[in-house]
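Hi,

Here is the model I promised to pass on.

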Amino acid sequence: MIPNFQTVSDPTTPYVPLRVRDKWQLFVKESVDPFAFFSAAAGAGMSQWQNDDPKYGEGFHPYLQRFGAAQADLTSQNFFQDAVLASVFHEDPRYFRKGPSSTVFHRIAYAVSRAAVTRRDSGKNGFNFSGIVGMELGIALSNAYYPPKSVNGAEMAERTATSLTASALGNLLPEFWPDIKEKLNHLKHRRQSPEPASQP
């Protein structure tokens with residue numbers, strides 16, 4: 001259900017950089033995938049339930065406004081991060097999984113650090129300009145459609161902190177899910193395997 005086209009799951013795969021058109025295609029995939037709409041709907045629901053930012057009010061129509069704003073937030077940040085700035089700065093917007101060859105602690109630290117560190121098209125690591133700057137451009141653009149109550153320096157700082165945290169913690173799922181899935185499949189296989197016949 002959750003798309004994984006932004007992750008390189010096998011750490012042993014030789015690195016092949018994305019072409020500019022590949023980065024634009026990645027942006028389109030991320031933005032039109034059904035999970036993006038589900039995520040926007042869920043985020044709008046949480047905001048509506050807590051009457052949180054963007055402060056459109058209460059009721060069905062304000063929920064639709066929140067949903068539209070959430071979808072616009074996701075699309076604009078994908079646009080700036082994965083398509084425009086990743087191409088300009090020659091950075092790869094994908095997540096490259098570290099895998100089970102490293103300790104759990106190092107994998108967690110690595111996953112969280114990818115919010116600020118990314119792989120360049122050269123294959124080397126560098127500061128995540130496309131991710132950080134693209135996030136800020138998306139937040140700045142949201143001021144054009146957010147209600148006045150939700151447009152100020154404090155709100156923008158809170159959105160920045162929330163987006164950074166989500167980016168860092170969001171990498172934990174693609175890092176560890178293949179391991180969890182393998183264990184679940186192993187348990188399922190053991191339960192489905194017939195018991196050996198007892199000897200008389």
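First, a definition: a patch here is made of residues with over 30% relative accessible area and no salt bridge, where like charges are joined within 9 Å and nonpolar side chains (Val, Leu, Ile, Met, Phe, Trp, Tyr) within 5 Å. Accessible areas come from the Shrake-Rupley method with a 1.4 Å probe, and for residues only the protein chains shown count as cover. A salt bridge is a side-chain nitrogen of Lys or Arg within 4 Å of a carboxyl oxygen of Asp or Glu.

Please keep in mind that this is a predicted model: local features need pLDDT of at least 70 and side-chain atom pairs count only at pLDDT 80 or more, while totals for chains, interfaces and linings use all residues. Residues are numbered from 1 along each chain as its sequence is written, and side-chain values use heavy atoms, with hydrogens and water left out.

The surface patch

By that definition, Leu173, Trp177, Ile180, Leu184 and Leu187 make up a nonpolar patch on the surface, and together they have about 450 Å² of accessible area. Leu173 sits in helix α7 (residues 172-192). Helices (H or I, at least four residues) and strands (E, at least two) are DSSP runs, numbered from the N terminus. Leu173 has a relative accessible area of 42%, so it counts as partly exposed; buried means under 20%, exposed over 50%, and partly exposed in between (1.4 Å probe, protein chains only).

The sheet

There is an open sheet of three strands, in the order β2-β4-β5, with antiparallel pairing. The edges are β2 (91-92) and β5 (125-127), and each has a single partner strand, so one side of each has no neighbour in the sheet. Two strands pair if DSSP finds at least two bridges between them. β2 and β4 (residues 117-120) are joined by two bridges: Asp92 stands opposite Arg119, and Glu91 has Arg120 as its bridge partner.

Salt bridges

Side chains of opposite charge can pair when their charged atoms come close. How many salt bridges does a search of the whole structure find? The search gives nine. One of them joins Asp121 and Lys23, at 2.9 Å from N to O. Asp121 is in the loop between β4 and β5 and Lys23 in helix α1 (residues 20-32), so this pair ties together parts that are 98 residues apart in sequence. Both Asp121 and Lys23 are buried.

Arg120 and Glu91, the bridge partners from the sheet, also meet through their side chains in a salt bridge (3.7 Å, N to O). Are the two buried or partly exposed? Arg120 is partly exposed at 27% relative accessible area, whereas Glu91 is buried at 0%.

Asp92 forms a salt bridge with Arg94, and their closest N and O atoms are 2.7 Å apart. Asp92 and Arg94 are both buried. Then there is a network of salt bridges that links Arg97, Arg107, Glu175 and Asp179.

Gln6 lies in the segment before β1 (7-8) and is partly exposed, with 24% relative accessibility. Its side chain reaches the backbone oxygen of Pro93 at 3.0 Å, a polar contact (a pair of N or O atoms within 3.5 Å; within protein, one must be able to donate a hydrogen and the other to accept it, and residues adjacent in sequence count only if both atoms are side-chain atoms). Gln6 and Asp92 are 86 residues apart in sequence, and 10.0 Å apart in space from C-alpha to C-alpha. Beyond its neighbours within four places in sequence, Gln6 is in contact (heavy atoms within 4.5 Å) with residues including Leu26, Asp82 and Tyr95.

Ser150 is in the loop between α5 (129-142) and α6 (153-170). Ser150 is buried, with 1% relative accessibility, and its side chain reaches the backbone nitrogen of Lys55 at 2.9 Å. Leaving aside neighbours within four places in sequence, the contacts of Ser150 include Asp53, Pro54 and Arg159.

Cheers
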